[in-house]
Amino acid sequence: MTSLLSFTPSTPSLHLPTFSNVRHHHRLSPTTLLISYPHPLPRVQILYRAPHAPPRPSFSASALRAAADGLLQDAGATAFVLAGAYGLVLCFDNLTQRNLLQQSLSRKLVHILSGLLFMLSWPIFSTSTAARYFASVVPLVNCLRLLLHGLSIVTNEGLVKSVTREGNPKELLRGPLYYVLILILCALVFWRESPVGVVSLAMMCGGDGVADIMGRKFGSIKIPYNQKKSWAGSISMFLFGFLISIGMLYYYSFLGYFQLNWVETVEKVALISLVATIVESLPITEVLDDNISVPLVSMAAAYLSFSL
């Protein structure tokens with residue numbers, strides 16, 4: 001609230017009142033004094049300005065339109081990736097039911113492709129801060145699906161055969177569930193802004209997935225300290241984990257999400273692949289699933305490597 005006080009005297013200087021003209025009025029009581037001023041009282045003007053309401057934040061039409069477009073893009077991308085994930089599992093589900101593909105091979109192909117395709121789909125989401133949350137809806141839906149089938153609330157023999165080792169629905173609550181939880185973690189924490197999540201998923205999906213396939217086919221020579229793992233599987237783990245990681249990093253670097261020094265990057269990814277391969281070969285599978293140990297160790301190694 002603002003008030004302006006305008007003081008305008010009638011003469012250049014203000015005179016104090018004098019008592020020379022003070023007299024008793026005969027019609028009034030003796031105690032009544034009449035004080036006269038030699039000059040008129042100064043004029044005082046108070047100018048009042050009504051307060052203005054505080055300005056309200058204004059959103060431009062272009063900003064609102066951009067936000068709406070981002071939401072529509074993310075919603076559409078989520079629906080598209082969900083449909084693709086469902087179609088991928090359904091495809092291998094049908095191949096397994098028709099005995100055109102072995103259950104173990106079908107399971108590992110789903111393991112390899114679903115995570116890598118999910119990671120490849122991230123650039124189709126918008127640049128808004130909510131994009132990563134929309135993307136995370138895809139593995140979250142699969143997580144709920146695994147819980148429903150793993151707890152036998154809903155039955156789907158095709159899904160169980162294409163994803164589990166022994167056809168037991170309870171297996172869905174172990175490796176496959178850990179797998180989608182890692183997808184959610186990498187999408188929410190690292191997203192497209194860090195090579196750490198990219199390398200971690202590449203090692204879990206590509207490296208570990210190919211290692212199992214190659215180990216089953218060519219794994220006659222076992223590792224001395226773990227008879228359930230083979231040299232062929234471990235070598236494949238290192239090579240394919242390294243190559244897929246480099247390929248994914250180049251993909252995101254080409255799209256401009258981050259810039260890398262490729263000489264240093266190759267060295268760092270080779271070290272990460274070696275660490276992940278050693279951990280994958282250890283006889284700890286009964287205690288700690290590969291879908292937890294491999295990505296978490298890769299995550300820690302990648303974080304340390306790219307932070308230094």
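**Salt bridges in the model**

Modeller: The structure holds five salt bridges. The model is predicted, and the protein chain averages a pLDDT of 84, with 80% of the residues scoring at least 70. Where pLDDT is low, the predicted coordinates should not be read in detail. That caution applies to residues 1–8, where pLDDT stays under 50, and to residues 19–37, where pLDDT stays under 50 as well.

Now to the pairs. Side chains of opposite charge can pair when their charged atoms come close. One of the bridges is formed by Arg132 and Glu193, whose closest N and O atoms are 3.0 Å apart. Arg132 belongs to helix α3, residues 131–150, while Glu193 sits in the loop between α5 (175–189) and α6 (195–218), so this bridge ties together parts that are 61 residues apart in sequence. The two partners can also be described by their accessibility. Arg132 has a relative accessibility of 13% and therefore counts as buried, because buried means under 20%. Glu193 has 56% and counts as exposed, since the cut-off for exposed is over 50%.

A second pair is Arg216 and Asp212, with 2.9 Å from N to O. Both residues lie in helix α6, four residues apart, which is about one turn of the helix. Asp212, at 17% relative accessibility, counts as buried.

Next comes Lys229, which forms a salt bridge with Glu280; the closest N and O atoms are 2.9 Å apart. Lys229 is in strand β4 (residues 226–230) and Glu280 is in helix α8 (residues 262–281), so the pair ties together parts that are 51 residues apart in sequence. Lys229 and Glu280 are both buried. The pair also has a further partner: Lys229, Glu280 and Asp290 are linked in a network of salt bridges.

The loop that holds Glu193 lies between α5 and α6, and α5 also packs against another helix. Two packed helices are described by the angle between their axes and the distance between the axes. For α5 and helix α2 (residues 103–120), the angle is about 15° and the axes are 11 Å apart. The two helices are therefore roughly parallel to each other, and their crossing is right-handed. On the α2 side, Val110, His111, Ser114, Gly115 and Phe118 take part, and they meet Tyr179, Leu183 and Ala187 in α5.

Note on methods: Residues numbered from 1 in each chain as written. Heavy atoms only, no water. pLDDT = per-residue confidence, 0-100. Contact = heavy atoms within 4.5 Å. Salt bridge = Lys/Arg side-chain N within 4 Å of Asp/Glu carboxyl O. Buried < 20%, exposed > 50% of the residue type's maximum accessible area, 1.4 Å probe, protein only. Axes fitted to C-alpha atoms, helices over the stretch in contact; angles between N-to-C directions. Parallel < 35°, antiparallel > 145°, perpendicular 65-115°, else oblique. Left-handed = near helix turned anticlockwise from the far one by under 90°.
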